[in-house]
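Student: I would like to learn how to read a helix and its packing partner from a model. Could we work through one case together?

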Amino acid sequence: MVHVVYVHGLWMPGQESLILRHRLSNEFGLTLQAFRYSAALVHHEHITERLASLVRELEAPAVHFVGHSLGGLVIHRFFERFPDQPPGRVVFLGTPCVASRVAQRAGRFAPIAHLMGPSVAE
């Protein structure tokens with residue numbers, strides 16, 4: 001069994017990956033595990049610790065990751081903090097790896113910055 005962990009983007013519940021999970025399962029025989037977190041409520045440190053726990057619980061010889069938008073940054077931070085992971089690959093879908101001007105501008109507007117939460121500010 002090949003494990004794929006899907007990490008959703010900002011304000012997404014993880015349900016948006018339903019079609020992706022279905023395709024990866026039916027067409028490629030992969031098992032997709034959706035990792036859910038709240039960027040608006042917790043810091044990256046807590047999110048990455050929870051992701052590390054999930055990966056440990058899988059007890060898989062290889063784990064692949066798909067990160068959508070902020071989810072890709074969560075995966076990036078996860079590997080920075082916990083580099084000793086099973087082998088695998090990472091796919092980023094629309095992840096602002098260098099920066100996001102829109103997020104930077106939104107972060108300067110207090111009402112939106114509050115909604116984006118601490119993990120985006122980090």
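**Reading a helix pair**

Tutor: The chain has six helices and four strands. Keep in mind that this is a predicted model. Starting at the N terminus, the elements follow the order β-α-β-α-β-α-β-α-α-α.

Student: What share of the 122 residues counts as buried?

Tutor: The share is 33%. As for contacts between residues at least 6 apart in sequence, 70% of them join residues at least 24 apart.

Student: How do I read the sides of a helix?

Tutor: The general idea is that an α-helix has 3.6 residues a turn, so residues three or four places apart point the same way. In helix 2 the buried residues are His44, Ile47, Thr48, Leu51, Ala52, Leu54, Val55 and Leu58. These residues cover an arc of only 160° around the axis, which puts them on the same side of helix 2.

Student: Which exposed residues sit on the face of helix 2 turned away from the buried side?

Tutor: That face carries Glu45, Arg56 and Glu57.

Student: At what angle do helix 2 and helix 3 pack?

Tutor: Helix 2 (residues 44-58) and helix 3 (residues 70-81) meet at about 75°, and their axes are 9 Å apart. Angles of 65 to 115 degrees count as roughly perpendicular, and the two helices are therefore roughly perpendicular to each other. Helix 2 contributes His44, Glu45, Ile47, Thr48, Glu49, Leu51, Ala52 and Val55 to the contact, and helix 3 contributes Leu73, Val74, Arg77, Phe78 and Arg81. Sorted by class, this contact has seven nonpolar, two polar and four charged residues.

Student: Take one residue from it. Is Thr48 buried or exposed?

Tutor: Thr48, a residue of helix 2, has 1% relative accessibility and therefore counts as buried. Apart from neighbours within four places in sequence, Thr48 is in contact with Val74, Arg77, Phe78, Arg81 and Phe82. On the helix 3 side, the buried residues are Leu70, Gly71, Gly72, Val74, Ile75 and Phe78.

Student: What follows helix 2?

Tutor: Glu59 follows helix 2, in the loop between helix 2 and strand 3. The phi of Glu59 is near 45°, a positive value in a residue other than glycine. Glu59 has a relative accessible area of 71%, so it is exposed.

Student: Where does Ser69 lie, and what is its phi?

Tutor: Ser69 is in the loop between strand 3 and helix 3. Its phi is near 55°, again a positive value in a residue other than glycine. With a relative accessible area of 23%, Ser69 is partly exposed.

Student: What does Pro61 touch?

Tutor: Pro61, in the loop between helix 2 and strand 3, touches Pro86 and Pro87, residues up to four places away in sequence not being counted. Pro61 has 68% relative accessibility and so counts as exposed. Pro61 and Met1 are 60 residues apart in sequence, with a C-alpha to C-alpha distance of 9.5 Å.

Note on methods. Residues numbered from 1 in each chain as written. Predicted model: local features only at pLDDT ≥ 70, side-chain atom pairs only at ≥ 80, totals over all residues. Heavy atoms only, no water. Axes fitted to C-alpha atoms, helices over the stretch in contact; angles between N-to-C directions. Parallel < 35°, antiparallel > 145°, perpendicular 65-115°, else oblique. Contact = heavy atoms within 4.5 Å. Nonpolar A, V, L, I, M, F, W, Y, C, P; charged D, E, K, R; others polar. Buried < 20%, exposed > 50% of the residue type's maximum accessible area, 1.4 Å probe, protein only. Arc of directions from axis to C-beta.
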